[in-house]
Amino acid sequence: MPEGHTIHRLAAEHLRVFGGRAVRASSPQGRFAASAALLDGRVLEQTDAHGKHLFLGFGESGWIHVHLGLYGTVAFGDGPAPEPVGAVRLRLEGDGGHADLRGPAACELITAAEKDALHARLGPDPLRPDEDPQPAWQRVSRSRTSIAALLMDQKVLAGVGNVYRAEVLFRLGISPHRAGRDLTRAEWDALWSDLVGLMHLGAAAGRIDTVRPEHTPEAMGRPPRVDDHGGEVYVYRRSGMPCLVCRQPVRTETLAARNLFWCAGCQQR
DNA sequence: TAAGTATGTTAAG
DNA sequence: TTAACCTACTTAC
């Protein structure tokens, strides 16, 4: 489930399980074998996350840069690792357990300078401490592009994906088709602060929940929703179903090759 | 067995 | 704007 909250969670989990100790690194699948051999036995000193990019720091040896893409996963386990199942790109093993990385779009060994260059092309991340949203507002307030597209642009904001994009626009009643430059400063401030809150909740829970207490299925006397992404949401992947607030059918359309979900009744601003 | 789907990004046309 | 790519899982035939 790779939006930014997942990546920050993974950074913390890698540090907790492996940090400060030598780890064994391998690539059962083989596609990261040469770099894994270089890192095998080194100490994981620090981890970092910026948007959907995960960084594992091995001091002078450099950083592992991981991007999960659409369907990459990391599976942690206790104790010694079993025989690898499926295509395991990177396996880390330590005294505290092991972790298997499968299906990432990127898994590469990079230098500190290369890491700096990656940070430089990413916008502010609602999950990074003391992050300044001002550069994002500068871009948004000058752009004719829709706010729905801008929220997904990692150069503008880092870490927001298709679920948070749809949900935060719903929660603020903002139409996804509004041009960025037509947003008020107050609307932008509300978007940023809602993302900060929602994504911290998501990082803590390991799933995306956006439904306010008064609209939960329990509060509304309806059966809980069943969806494989695991969280309670207002519009994401609910196309055709009645809006939890106004009962109009949730709408969907394809925008920049991604599915956009919104409620025409609730999002008129 | 094949096709379709997914919370993403890049590069080619 | 389209295709390609990384993988696993579900559904259709």
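I started with Ala 203, which is found in helix H7. Helices here are DSSP runs of H or I, at least four residues, numbered from the N terminus. This is a predicted model: local features need pLDDT of at least 70, side-chain atom pairs count only at pLDDT 80 or more, and totals for chains, interfaces and linings use all residues. Residues are numbered from 1 along each chain as its sequence is written, and chains are lettered from A and ligands numbered from 1 in the order written.

Is Ala 203 buried or exposed? I noted it as buried, because it has 21 C-beta neighbours inside 10 Å (the cut-off for buried is 20 or more, with C-beta atoms placed from the backbone). I then listed what Ala 203 touches: His 5, His 8, Arg 9 and Leu 127, leaving out residues up to four places away in sequence. Contact means C-beta atoms within 7 Å. Leu 127 lies 76 residues from Ala 203 in sequence, yet 8.7 Å away in space, C-alpha to C-alpha.

Next I looked up H6 against H7. H6 covers residues 162-171 and H7 residues 185-205; they pack at about 125°, axes 10 Å apart. Axes are lines fitted to C-alpha atoms over the stretch in contact, and angles run from 0 to 180 degrees between N-to-C directions. On the H6 side I found Tyr 164, Val 168 and Arg 171; they meet H7 residues including Leu 191 and Asp 194.

Last, I checked DNA strand C. Among the residues around it are Gln 29, Tyr 71, Arg 89 and Arg 102 (near means a C-beta atom within 6 Å).

Terms used. Helices (H or I, at least four residues) and strands (E, at least two) are DSSP runs, numbered from the N terminus. Two residues are in contact if their C-beta atoms, placed from the backbone, lie within 7 Å. A residue is buried if 20 or more other C-beta atoms lie within 10 Å of its own, exposed if 12 or fewer, and partly exposed in between; C-beta atoms are placed from the backbone.
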